[in-house]
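Q: I would like a close look at one part of this model, namely the pairing of its strands, together with the side-chain contacts that go with it. Please give the cut-offs along with the terms.

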Amino acid sequence: EAGSGSCGKIYLEILSAHDLPNVDIGTAVGNETDAFVSAVYEDALVETAVIHDELSPHWLPWTQRAFAFNMIHPASVLYLGVFGHKQNLQALQHVPIGRVEINPGNFQRDTVYTLQYKLFPSHHVQKDRK
């Protein structure tokens with residue numbers, strides 16, 4: 001569980017991302033994006049496991065992919081960011097790939113949704129990077 005709220009809970013599970021750009025530099029075999037998702041909701045930040053060398057990563061059930069957030073206010077927005085992981089660097093040096101904002105206020109209580117979102121691209125990703 002993450003967050004300090006007591007108004008309710010939001011459950012989030014990251015299943016996959018598709019057709020991510022390759023933000024790893026070089027032509028070595030297996031040198032593709034090492035993707036992870038960062039989620040921010042109110043006063044909480046969580047991250048999925050890193051999926052190495054995959055442009056369409058799937059987070060399997062035994063990886064870190066499911067989270068519970070304690071809600072402070074029902075009108076808060078959930079932010080998801082997809083990043084390319086960079087080994088041995090500070091968090092601010094990971095490569096941002098895309099992001100999405102989700103308004104949980106649009107959902108019904110006690111309902112499970114399986115949704116897909118188009119990522120808003122990050123201006124840090126260069127299209128010619130391969």
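A: The answer starts with the basis of the values, goes on to the sheet, and ends with the charged pairs and the surface.

This is a predicted model, in which local features need pLDDT of at least 70 and side-chain atom pairs count only at pLDDT 80 or more, while totals for chains, interfaces and linings use all residues. Residues are numbered from 1 along each chain as its sequence is written, and side-chain values use heavy atoms, with hydrogens and water left out.

The protein has seven strands and zero helices; from the N terminus on, its elements run β-β-β-β-β-β-β. Strands (E, at least two residues) and helices (H or I, at least four) are DSSP runs, numbered from the N terminus.

Five of the strands form an open sheet in the order β3-β2-β5-β6-β7, with antiparallel pairing; two strands pair if DSSP finds at least two bridges between them. At the edges stand β3 (44-47) and β7 (120-121), each with a single partner strand, so one side of each has no neighbour in the sheet.

Within this order, β2 (residues 35-41) pairs with β5 (residues 78-84) in the antiparallel sense over seven bridges. In that pairing, Phe36 stands opposite Phe83 in β5. Strand β2 also pairs with β3, again in the antiparallel sense, over four bridges, and here Ala39 has Val46 of β3 as its bridge partner. The hairpin of β2 and β3 has two residues between the strands, and Glu42 in this hairpin takes a positive phi near 55°. Six of the seven residues of β2 are buried, which leaves the strand mostly covered. Buried means under 20% relative accessible area, exposed over 50%, and partly exposed in between (1.4 Å probe, protein chains only).

The surface of this region also carries a nonpolar patch of about 270 Å², made by Val40, Leu45 and Tyr79. Tyr79 is in strand β5 and is partly exposed at a relative accessible area of 38%. Patches are made of residues with over 30% relative accessible area and no salt bridge; like charges are joined within 9 Å, nonpolar side chains (Val, Leu, Ile, Met, Phe, Trp, Tyr) within 5 Å. Accessible areas come from the Shrake-Rupley method with a 1.4 Å probe, and for residues only the protein chains shown count as cover.

Next come the charged pairs. Side chains of opposite charge can pair when their charged atoms come close. The structure holds three salt bridges, each being a side-chain nitrogen of Lys or Arg within 4 Å of a carboxyl oxygen of Asp or Glu.

Asp24 forms a salt bridge with Lys86, with 2.9 Å between the closest N and O atoms. This pair links distant parts of the chain, as Asp24 is in the loop between β1 and β2, and Lys86 is in the loop between β5 and β6 (95-102), 62 residues apart. Both Asp24 and Lys86 are buried. The backbone nitrogen of Lys86 also lies 3.0 Å from a polar atom of the side chain of His94. A polar contact is a pair of N or O atoms within 3.5 Å; within protein, one must be able to donate a hydrogen and the other to accept it, and residues adjacent in sequence count only if both atoms are side-chain atoms. His94 lies in the loop between β5 and β6 and is buried, with a relative accessible area of 12%.

Arg65 and Glu13 meet through their side chains in a salt bridge of 2.7 Å, N to O. Here too the pair links distant parts of the chain: Arg65 is in the loop between β3 and β4 (66-71), Glu13 is in strand β1 (residues 8-13), and they are 52 residues apart. Arg65 is buried at 13% relative accessible area, whereas Glu13 counts as partly exposed at 43%.

The side chains of Lys9 and Glu1 form a salt bridge at 2.7 Å, N to O. Lys9 is partly exposed, with a relative accessible area of 36%, and Glu1 is exposed, with 72%.

For the protein as a whole, buried residues make up 37% of the 130 residues. Of the contacts with a separation of 6 or more, 59% are between residues 24 or more positions apart, where contact means heavy atoms within 4.5 Å. The accessible surface comes to about 8,600 Å², of which 53% belongs to carbon and sulfur atoms.
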